Each structure stands twice: as structure tokens, then as C-alpha cells.
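I opened this notebook to record what I looked up, entry by entry.

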Amino acid sequence: MEGNKLKWVLLLLLGSVWGSSFILMQLGLKGLTPIQLGALRILFAGCFLLLIGFKQLTKIPLYKWKFIAITALCGTFFPVFLFATALTKIAGSVSSILNSLTPISTLLVGMFVFGISVQRRQIFGVLLGFLGCVLLVLFGDVENNTENYYYAFLILIASFLYGINANFIKKYLSDLSPLTISVGNFTLMFIPALIILFSTGFFSSLEDVQVTNSLKFVAILGIVGTGLSNILFFKLIQISSPVFASSVTYIIPVVAFLLGFAFMNEALSFVQTVGALIVLIGVYFSSRK
């Protein structure tokens, strides 16, 4: 497929998959703690990727492993725990909208760390995005549990880490295949995730029906929403740009809101809806070429 068409196909596909991830996390949290969910998500994804691409490890030059480690920590390891914890107090639809600040984070990291040039309208987009974020969180509906405002900062930290991840992949790992990067990432995370899961007492709770039901959702989340999606995302970064790839967060809130409304009875208040629109407009201005 032609590169320009392929990047849009990947963008839409990733938006749909990651938009669905929020409801999968919420269903997983019915029987698991946030720490267990995060660790299991990594382990399921790691098993899948090592199964299909173990030989890819030999293609990673020794000097690139430090960049593999940085992208593993910023792109997956810390965010999976941050999102799982935030979703215990914040609705999935709200979390997905806050996550749409990722392109702004990508721009800021690119500007301050990698020295990319920015235009005034991009700065305007950044400020607008944060204004929308404030409205979205401060005027949260009690039914959506968004009175726990400080949990919103976990999503903002995760989006900033995603911004670091996208820039590092583009600058330092573009010569490696998406599968190679993904396998390298999860090879480094596998043992730490297993140790974390073991420390939670998870294995002594496997007889609980609610735990085993949650495992089904986390398995889908790990294999499809993390393992396979990481490969597609890295490919998207390589054939486009970090900011374009991170603009997948335009699509994620739409999918997450529709699924949250249909299955979890989630809804946004009027002011939250205005805030969500302001966030997306801000992201649009900040990520335009």
C-alpha cells in the first residue's frame, strides 16, 4: 500500500483499538488491582511478541539497547500502571480525552529536548489544550468519579511519557523494524513485570471467578491493545512523524466515549463536552505542519 494511504489506515486502526482499551481496562479492574492489571498487560503482550519475534533480538545493536530501555519505560512500563490507577477514579471517556494531549506532549518534548522549531499557532494550541484539560477535569460529573482531580495528573504524566517515547523512536530507532523494537521493549520489561505481579499475591487469587473473568479482558488488552498495537504504532512513526502518529489520540476519545456510553453508562457534562472540544482544537493547532 502507498505510504500516504498506509499511514491513515494505521492511524484509524490504532485509534479504534486503543479507544477500546479503556473499557477493557475498566472490565479488567473489576477483579484485579491496578498493579496486577498493568503487570499482566505487559506479560501477555510480552509472551505474544516473544513467541512471534524472539529472533529479532539479534538485530538490535548493543549501543541501541539504552534507547530500547528508554522507549520501554516511557512507552509502556510506566503508562500501563498510571492508566490502570487513574481508571479506578476517572471515567474511561474522560481519561481518553486527557490522553489526547499526547501530541502536545510530543511537540513540547521535541521542542525542549530535541530542538525542533515551533510556530506561534502551535504554542497557541498547547495553551488551548491545557485550558480544555482544566475545564474537563474541574467540572467533572460526580457520577464519573472525576472529583478525584489529582488522578487526572496520572494521565497527563503518561501522555508526557508517550511524547518522549515517540521522539526517541523517530530519532534513534527508525532504522530498526517495528517488530524488533517491540520485542526488545518487552524483553526488558518481562522479568520486572513478573516480579511485580508475584509481589501482589495474584497467584493465590486465581480461584476467584471474578479474577479469572478479568484475565480474559486483560489478555485481549495485552495481546491486541499493547503487543500488536505497539508494532503498528512504531511503523506509523517511521513512515510519518512523531506528532502525526500521536494524533491517533483524536480518534481514541470518540471510540472510548461511544463504548463507555453503551456499556458503562458514562456521559460527559455540558462543560466537560466544551472542554473536550477545546482540547481537540488545541491538539489540532499544535500538531498541524
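Predicted model: local features only at pLDDT ≥ 70, side-chain atom pairs only at ≥ 80, totals over all residues.

The entries below follow the order in which I made the look-ups.

**Entry 1: aromatic pairs.** I asked how many aromatic pairs the structure holds. The count is 11. I then examined the pair Phe-77 and Phe-81: the ring centres are 5.4 Å apart and the planes stand at 70 degrees, so I logged the pair as edge-to-face, the cut-off being over 60 degrees. Both residues belong to helix α3, which spans residues 65-86. Their spacing of 4 residues is about one turn of the helix. I recorded Phe-77 and Phe-81 as buried, both of them.

**Entry 2: a tilted pair.** I next took up Phe-198 and Phe-203, whose ring centres lie 6.3 Å apart. Their planes are at 45 degrees, so this pair is tilted. Phe-198 is exposed, at a relative accessible area of 61%. For Phe-203 I found 43%, hence an entry of partly exposed.

**Entry 3: the surroundings of that pair.** Which residues form a nonpolar patch on the surface? I listed Ile-191, Leu-194, Ile-195, Phe-198, Phe-203 and Leu-206. Together they have about 600 Å² of accessible area. From this list I checked Leu-194, which sits in helix α8 (residues 178-199).

Entry 4: I found Trp-18, Phe-233 and Phe-234 linked into a cluster by ring pairs. I also looked up a charge over a ring: Lys-171 lies over the face of Tyr-172, 5.8 Å from the ring centre.

**Entry 5: Gln-36.** I located Gln-36 in helix α2, residues 34-53. Is Gln-36 buried or exposed? Its relative accessibility is 7%, and Gln-36 therefore counts as buried, the limit being under 20%. I recorded two partners for its side chain. A polar atom of the Gln-36 side chain lies 3.1 Å from the backbone nitrogen of Thr-33. The side chain of Thr-200 makes a polar contact with the side chain of Gln-36 at 3.3 Å.

**Entry 6: Leu-13.** I placed Leu-13 in helix α1, which covers residues 3-28. Leu-13 is partly exposed, with 41% relative accessibility.

Methods: Residues numbered from 1 in each chain as written. Heavy atoms only, no water. Phe/Tyr/Trp six-rings, centres within 6.5 Å; stacked < 30°, edge-to-face > 60°. Helix = DSSP H or I, 4+ residues; strand = E, 2+ residues; numbered from the N terminus. Buried < 20%, exposed > 50% of the residue type's maximum accessible area, 1.4 Å probe, protein only. Lys NZ or Arg CZ within 6 Å of the ring centre and 35° of its normal. Patch = residues over 30% accessible without salt bridge, like charges linked within 9 Å, V, L, I, M, F, W, Y side chains within 5 Å. Areas by Shrake-Rupley, 256 points an atom, 1.4 Å probe, with all protein chains shown as cover. Salt bridge = Lys/Arg side-chain N within 4 Å of Asp/Glu carboxyl O. Polar contact = N/O pair within 3.5 Å; in protein donor to acceptor, adjacent residues only side chain to side chain.
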